[in-house]
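Biologist: Could you walk me through the charged pairs in this one? I'm new to this, so please spell out the terms.

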Amino acid sequence: FVHGWSINDHETFPWLVQAELPAYEVINFGVGGYGTIQSLLKLKELFGKDRTPAVIVIVYSTLHDERNTFLRSRMKELTAWNHLGPLNQPFARFAGNGELNIEYKSVEYRTVPFIKWSALAHGVDLAINKMQARFLDSHGITKQILSEILRESNHRNIPVLLASIYSGPRTADLLSWADSAGFQ
């Protein structure tokens, strides 16, 4: 992954890019557990401080789709691993007009009652998570987040490169869409 988990600095993707492009300062904003929504928020923060990168590289993974919408299943994962105390997580939804609406939600997973003692309750909990994933267009929301990144970057004449780290049908769909949307 871009943030460089379990490897030495000189083996990370950003370090290797820096070695190939010594005239540029490569800054790695990759963080474990983040999605594309955090990239959008970080770019807005940088643009607000009048920091203008020469190039923006976004690395996409299909797991970003559920992170961007903070699905119930994602909340369940985070709750199990959270040892930091109260956390707020950004997430996106489509507003009534089709625009992107970004909100924050506390990382608290409320299970179906008796989930620890009943396979039936556990099955119901899983079914609720699957239904939410089916009816919430996480992949479409990721495209909208990327559209905002591209719009903000084009406004500042900054090229945006989009790469992927996994292959598969959703990745192929996103890359085809990104090509027609104007990403490099």
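**Salt bridges, pair by pair**

Modeller: Lys 143 and Asp 173 form a salt bridge, with their closest N and O atoms 2.8 Å apart. A salt bridge here is a side-chain nitrogen of Lys or Arg within 4 Å of a carboxyl oxygen of Asp or Glu. This is a predicted model, where local features need pLDDT of at least 70 and side-chain atom pairs count only at pLDDT 80 or more, while totals for chains, interfaces and linings use all residues. Residues are numbered from 1 along each chain as its sequence is written, and side-chain values use heavy atoms, leaving out hydrogens and water.

Biologist: Is Lys 143 buried or exposed?

Modeller: Buried means under 20% relative accessible area, exposed over 50%, and partly exposed in between (1.4 Å probe, protein chains only). Lys 143 has 18% relative accessibility, so the label is buried.

Biologist: Which residue forms a salt bridge with Lys 44?

Modeller: The closest N and O atoms of that pair are 3.3 Å apart.

Biologist: What is the relative accessible area of Arg 110?

Modeller: Arg 110 meets Glu 108 in a salt bridge, 3.2 Å from N to O. Glu 108 is partly exposed at 40%. Arg 110 counts as exposed because its relative accessible area is 63%.

Biologist: How many salt bridges does the structure hold?

Modeller: Besides the pairs above, Lys 42, Glu 45 and Lys 49 are linked in a network of salt bridges. For the structure, the count is 10.
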